[in-house]
Amino acid sequence: MIGLGPGDPRYLTPDADEALRAAEAVYGYSSYLARVPTRRHQVHYPSDNREEAARAAAALDHAARGGNVAIVSGGDPGVFAMAAAVCEAIESGPEAWRALDVAFVPGITAMLAVAACIGAPLGHDFCALSLSDNLKPWELIERRLDAAASAGFVIALYNPVSRARPRQFGNALTRLRQHLPASTPVVFGRAVGRPDERVEVTTLDAADAKNADMATLVIVGSRETRVIARPGKSPLVYTPRATPGAAVEVSA
Ligand code: SAH
């Protein structure tokens, strides 16, 4: 399981690059696979975004027949991606799959790439939530949004929208406005690390759901998150390490 990072090859770790070069077969969602250069003696098996279980089974089957098989994910394979799908398949699949050597090669996940574009919004306690209700009920997502916002977490939102779910991100913003001040900083990071990268800093009251698409990661600040305006430069967004009411840590 190999993480490709958010896009640009310079975000691919040397470890991931080495693992990719060694693979005889590479499985993945077609648009992620398109980022992997085709090498001699290496066969690519692209599949659709939604076919994660079938892709995991096909790759494990291939490995069980003796192949050196890579499965690629954008960002990190363990964050809303293929590594969990592969573990699910191993747990419920044939005994032979448990005997396979498996390795998880981490990648830079979208929330870290977006955060690095604008400062340190994840500088203190944060959580990550996928807004996709393909694999969980929307009511559960609402409960988690309520809990995360009221507990003071900065929230990274993956999968804010899809063609099948055009309204959910708008609903999520409405929900968050019930817990957080209108001035709460919100960051939209789109296609970060790719040529069409776009990063926008706004506030919770001004945040427009239409500005997010499937390639967007949204960071909603906490009550502590701040914006530093800078002359002639883009603003910095950060969440201070100390929270009011907390004892100040003194480092040596
Ligand atoms: N495993 C991936 C996440 C897959 S879920 C990772 O670790 O990053 C897909 C979601 O990730 C997208 O809907 C979007 O919210 C986010 N995403 C992936 N790549 C991105 C990028 N380059 N810029 C901004 N968001 C991205």
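Visitor: Which residues come nearest to the ligand?
Guide: This is a predicted model, in which local features need pLDDT of at least 70, side-chain atom pairs count only at pLDDT 80 or more, and totals for chains, interfaces and linings use all residues. Residues are numbered from 1 along each chain as its sequence is written, and side-chain values use heavy atoms, with hydrogens and water left out. Of the 20 residues around the ligand, the nearest are D76, V79, T109, M214 and T216.

Visitor: How far is a backbone N or O atom of M214 from an oxygen atom of the ligand?
Guide: A polar contact is a pair of N or O atoms within 3.5 Å; within protein, one must be able to donate a hydrogen and the other to accept it, and residues adjacent in sequence count only if both atoms are side-chain atoms. For D76, a polar backbone atom is 2.8 Å from a ligand oxygen. For M214, the distance from a backbone N or O atom to an oxygen atom of the ligand is 2.6 Å.

Visitor: Is S73 buried or exposed?
Guide: Buried means under 20% relative accessible area, exposed over 50%, and partly exposed in between (1.4 Å probe, protein chains only). Because its relative accessibility is 3%, S73 counts as buried.

Visitor: Which backbone nitrogen lies 3.3 Å from a polar atom of the side chain of S73?
Guide: Contact means heavy atoms within 4.5 Å. Leaving aside neighbours within four places in sequence, S73 has contacts including Y32, A81 and M82. The backbone nitrogen at 3.3 Å from the S73 side-chain polar atom belongs to M82.

How values were computed. A residue is near a molecule or strand if one of its heavy atoms lies within 4 Å of it.
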